[in-house]
Amino acid sequence: MSHDQLLTAPETVLPALREAVAGLPSYVPGRKSAGLDIAALASNESHYEPLPAAAAAVTEAAGTMNRYPDSAAVELRERLARHLCVTAAEVAVGPGSVGVLQQIITGLCDAGDEVIFAWRSFEAYPILVELAGARPVRIPLDDAEGHDLEAMAAAVTDRTKVILLCTPNNPTGVPISHERIEAFLRSVRSDILVVVDEAYVEYADAGSGPDSLALYRQYPNVCILRTFSKAYGLAGLRVGYAVAAPAIAEGLRRTALPFSVSALAQKAAIASLDAGDEMESRVAAVKQERARMAAQLEAQGWKLQPSQGNFLWIRADDTLREALVEAFDRADILVRGYQRDGVRITVADPASNNRVLRLLAAHAG
């Protein structure tokens with residue numbers, strides 16, 4: 001074909017993306033920089049290197065990379081069952097808690113069904129709901145940056161299939177008490193799955209949030225969602241899990257992509273559970289830093305809600321948010337800004353945290 005023919009050829013019509021996909025927001029990753037002194041505080045990752053036992057397990061398992069992993073994750077599910085005092089039939093695993101959440105929504109929601117969650121909360125919630133063809137129902141947070149459970153209960157309709165409760169809430173860090181969730185469960189139909197998303201539960205002070213396993217034993221429509229990405233430091237391997245009634249857990253396993261949790265991730269997760277004391281020591285150090293930072297920021301004049309995650313939340317309008325994110329960017333500190341809502345800052349090592357404190361001191365007022 002000649003050059004002139006190419007210019008006059010009819011325009012090719014490409015396959016169209018689904019409307020739900022075309023309308024999804026693009027994920028904005030943390031800024032890349034050539035600098036060597038970057039404080040990566042945007043994604044709530046553990047600043048610690050992997051637990052030695054987990055690293056050793058990955059090294060040993062690396063020799064099996066030519067083989068598919070156990071798609072049923074039997075060994076990991078059995079180890080989790082012992083850890084949680086449940087049965088393996090009640091456990092489903094996936095590529096991070098967000099992967100398991102996608103299995104939950106895919107397994108329970110048809111087109112037009114509704115999923116209720118607080119907002120602002122985990123930013124993947126509306127994306128996963130819309131991808132499934134379901135309708136996200138956002139309920140604004142209360143004045144204390146927590147879940148308005150009364151408004152969430154009032155939003156239930158005949159099309160409600162799933163309710164997501166994030167405790168402690170991401171990005172605000174505010175937990176939901178056991179008593180409040182229990183009262184909420186009494187008011188919700190038993191055919192609605194109530195997912196207690198506890199991605200940051202290891203960082204929460206005892207008694208600040210729910211005893212989710214006790215709630216699950218009392219209310220079979222409760223599903224507990226957790227991850228190894230945060231406190232256990234396995235964000236790069238992608239492994240999370242759910243505890244649910246056996247019939248529901250079986251459905252979640254059926255909706256999972258085959259072999260979605262690698263053999264390396266499964267072995268590392270088991271080793272991490274076996275190294276729980278070391279993980280808890282690391283968590284205690286993060287909690288100590290969280291308290292130190294919160295006290296100093298409040299002394300500077302910042303108004304914070306007590307956080308039970310490995311992060312702090314600063315409520316800010318867009319003018320302040322943009323100024324803060326720009327200042328952090330210039331200082332080579334990566335934080336997460338949320339349009340119209342505020343800024344989330346991961347708690348890390350003391351040196352990185354001190355950089356945050358110095359920068360915010362210059363912007364306090």
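A pocket is here an open set of points, on a 1 Å grid over the protein atoms alone, with protein on both sides within 12 Å along at least five of seven lines. Lining residues have an atom within 4 Å of a point. Grid points are joined across faces, edges and corners, and a volume is the space filled by probe spheres set on the points. The model is predicted: local features need pLDDT of at least 70, side-chain atom pairs count only at pLDDT 80 or more, and totals for chains, interfaces and linings use all residues. Residues are numbered from 1 along each chain as its sequence is written, and side-chain values use heavy atoms, with hydrogens and water left out.

The second largest pocket holds about 530 Å³ of space. Its lining comprises 25 residues, of which Glu-198, Val-201, Glu-202, Ala-204 and Arg-226 are the closest to the pocket centre. Two or more lining residues come from each of helix H9 (212–218) and helix H12 (276–300). Helix H12 gives the most, with five residues. Helices (H or I, at least four residues) and strands (E, at least two) are DSSP runs, numbered from the N terminus. By class, the lining has eleven nonpolar, seven polar and seven charged residues. In this scheme Ala, Val, Leu, Ile, Met, Phe, Trp, Tyr, Cys and Pro are nonpolar, Asp, Glu, Lys and Arg are charged, and the others, Gly among them, are polar.

The chain as a whole has 14 helices and twelve strands. Its C-alpha atoms fill a box of roughly 70 × 55 × 55 Å along the principal axes. Of the 365 residues, 48% count as buried. Buried means under 20% relative accessible area, exposed over 50%, and partly exposed in between (1.4 Å probe, protein chains only). Among contacts (heavy atoms within 4.5 Å) between residues at least 6 apart in sequence, 74% join residues at least 24 apart.

Individual residues were also examined. Ala-199 lies in the loop between strand E6 (193–197) and H9. Ala-199 counts as buried because its relative accessibility is 10%. Leaving out residues up to four places away in sequence, Ala-199 touches Leu-225, Thr-227 and Lys-230. Ala-199 and Ala-242 are 43 residues apart in sequence, and their C-alpha atoms are 11 Å apart.

Arg-282 is located in helix H12 and, at 16% relative accessibility, is buried. Beyond residues up to four places away in sequence, Arg-282 touches Tyr-48, Glu-49, Pro-50, Leu-51 and Pro-52. Arg-355, in helix H14 (residues 350–363), is buried, with a relative accessible area of 16%. Apart from neighbours within four places in sequence, Arg-355 is in contact with Asp-37, Ile-38, Ala-39, Ala-331, Asp-332 and Ile-333.

Phe-122 occupies the loop between strand E3 (114–119) and helix H6 (124–131). Its relative accessibility of 22% makes Phe-122 partly exposed. With residues up to four places away in sequence not counted, Phe-122 touches Val-98, Asn-170 and Asp-197.

Methods. 1 Å grid on protein atoms, 1.4 Å probe; cavity = no way out; pocket = protein on both sides within 12 Å on 5 of 7 lines; lining within 4 Å.
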